[in-house]
Amino acid sequence: MSGKAPHGVVLALTATLLVTVLGLAGCASSGAAPDAAAPAAAPALPVSTPDGYQDMLNQTDAELSGALTAVGQAPSLDVLDQAVLSAAGVASAASERLTTSGPVPASVSGDNAALAAGLRQFGRELAYLSQQIDLHAICAGPVALTAISTAPSMPQLRAVATSLGTMRSDRPAYRWGGALPAAANSVEHRLRNGQILVDRRAGAAGDGVLKVRDQGTKDGVVLLAKGGALVVSVAVNAGQSATLSGVPDGDYDLFYSVGRDWNGPLATFSRHCEFHRFTTPTSFSTSAVPGGSAYTVQSIVLDTGTDGANPDSPVDPSAELGLAPGAAVDPMPGSNPAPGAGSGPGAPPPGPGPAAGPGGATDDPGTAEVDQEALPR
């Protein structure tokens with residue numbers, strides 16, 4: 001029995017050593033965790049110091065730059081509206097931060113108060129711009145930025161940026177205002193009457209003809225779509241007519257957009273835009289006849305924006321930002337005359353009076369407003 005006791009002691013000691021080693025390993029592991037963690041962020045400098053105040057200006061400038069960049073790059077009306085509202089929130093939040101983050105250096109107190117007031121006003125102007133987008137008075141990001149560049153608050157904001165950037169005996173020069181867009185004049189781009197914008201007819205047979213007359217006060221673009229996909233589109237300017245020949249046989253949906261100031265990359269009018277479709281599809285067909293061929297001739301009339309007092313007069317961008325609420329709003333249209341149908345050589349030209357609608361229908365199909373996203377692309 002005396003020979004067994006030491007063996008039991010050895011086992012007990014071994015177990016104790018193992019527990020001790022594991023415990024030490026656990027301590028080493030837990031002690032390594034702080035070394036692997038990211039270093040704590042340096043505390044923000046108080047805005048009462050020149051460096052701390054400059055940091056706050058940097059944050060304001062960077063946030064405003066990102067917000068205005070999003071406005072200029074907005075690909076659609078809905079995105080543009082959200083981007084402008086977001087920019088309004090950024091401007092308002094920056095104004096609040098300038099007045100509530102603590103005492104600023106005494107040497108910039110006047111400029112800081114002017115900057116906060118200017119950004120507060122700018123936020124309100126952007127909120128009004130959103131209303132103009134909702135009313136389709138402004139329909140594209142580049143035009144929205146042009147309007148922003150001449151907003152009533154811009155002269156004050158630029159003056160504050162200049163004042164802050166001027167070194168004085170009691171303070172350094174501060175950097176702010178890089179996000180402000182340079183003042184720009186509005187330049188209107190107009191399509192050539194009859195210009196074909198998109199043409200995907202290659203390889204499709206048919207001699208159909210589409211005649212379009214725009215008797216409204218806005219330029220238009222007519223789109224023929226098949227199965228939800230755009231086949232061909234043609235421009236027709238206000239008060240003019242255009243003819244599209246070589247329409248392939250088939251059934252089509254007719255869409256059109258009217259407005260001012262065409263933006264090619266976005267494929268939309270930048271101002272006073274409207275989007276519509278004819279409520280009844282139309283058909284084009286071509287067939288052989290003795291001595292030639294017979295083909296469909298369709299005629300449509302665009303009639304929008306003709307009500308109201310001079311609805312398409314040039315609009316000052318500052319008016320669109322709040323100086324004259326409602327001045328840039330166009331009335332929405334009612335319905336359009338129906339397209340007419342005819343046949344090839346020898347067919348009488350379309351004229352006044354009852355005309356067959358798309359696809360040979362005899363009643364007026366009318367038109368319906370659609371969302372911009374509903375237009376085929």
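Is Tyr-252 buried or exposed, and what is its relative accessible area? In this predicted model, Tyr-252 has a relative accessible area of 1%, so the residue counts as buried, the limit being under 20%.

**View 1. The aromatic pair of Tyr-252 and Phe-284.** Four aromatic pairs are found in the structure, and one of them is formed by Tyr-252 and Phe-284, whose ring centres lie 5.8 Å apart with 80 degrees between their planes, so that the pair is edge-to-face.

**View 2. The aromatic pair of Trp-262 and Phe-269.** The rings of these two residues are also arranged edge-to-face, at 4.9 Å from centre to centre and with an angle of 75 degrees between the planes. Trp-262 counts as buried at 13% relative accessibility, and Phe-269 is likewise buried, with a relative accessible area of 2%.

**View 3. The second largest pocket and its lining.** This pocket holds about 190 Å³ of space, and among the 14 residues that line the pocket, those closest to its centre are Val-198, Leu-223, Leu-230, Trp-262 and Ala-267. Strands β1 (196-199), β3 (219-226), β4 (229-236) and β6 each contribute at least two residues to the lining. By residue type, the lining of the second largest pocket comprises nine nonpolar, three polar and two charged residues.

Key
Residues are numbered from 1 along each chain as its sequence is written. This is a predicted model: local features need pLDDT of at least 70, side-chain atom pairs count only at pLDDT 80 or more; totals for chains, interfaces and linings use all residues. Side-chain values use heavy atoms; hydrogens and water are left out. Rings of Phe, Tyr and Trp (its six-membered ring) pair if their centres lie within 6.5 Å; planes under 30 degrees apart count as stacked, over 60 as edge-to-face and the rest as tilted. Buried means under 20% relative accessible area, exposed over 50%, partly exposed in between (1.4 Å probe, protein chains only). On a 1 Å grid over the protein atoms alone, a cavity is a set of points where a 1.4 Å probe fits but cannot get out, and a pocket is an open set with protein on both sides within 12 Å along at least five of seven lines; lining residues have an atom within 4 Å of a point. Grid points are joined across faces, edges and corners, and a volume is the space filled by probe spheres set on the points. Helices (H or I, at least four residues) and strands (E, at least two) are DSSP runs, numbered from the N terminus. Ala, Val, Leu, Ile, Met, Phe, Trp, Tyr, Cys and Pro count as nonpolar, Asp, Glu, Lys and Arg as charged, and the others, Gly among them, as polar.
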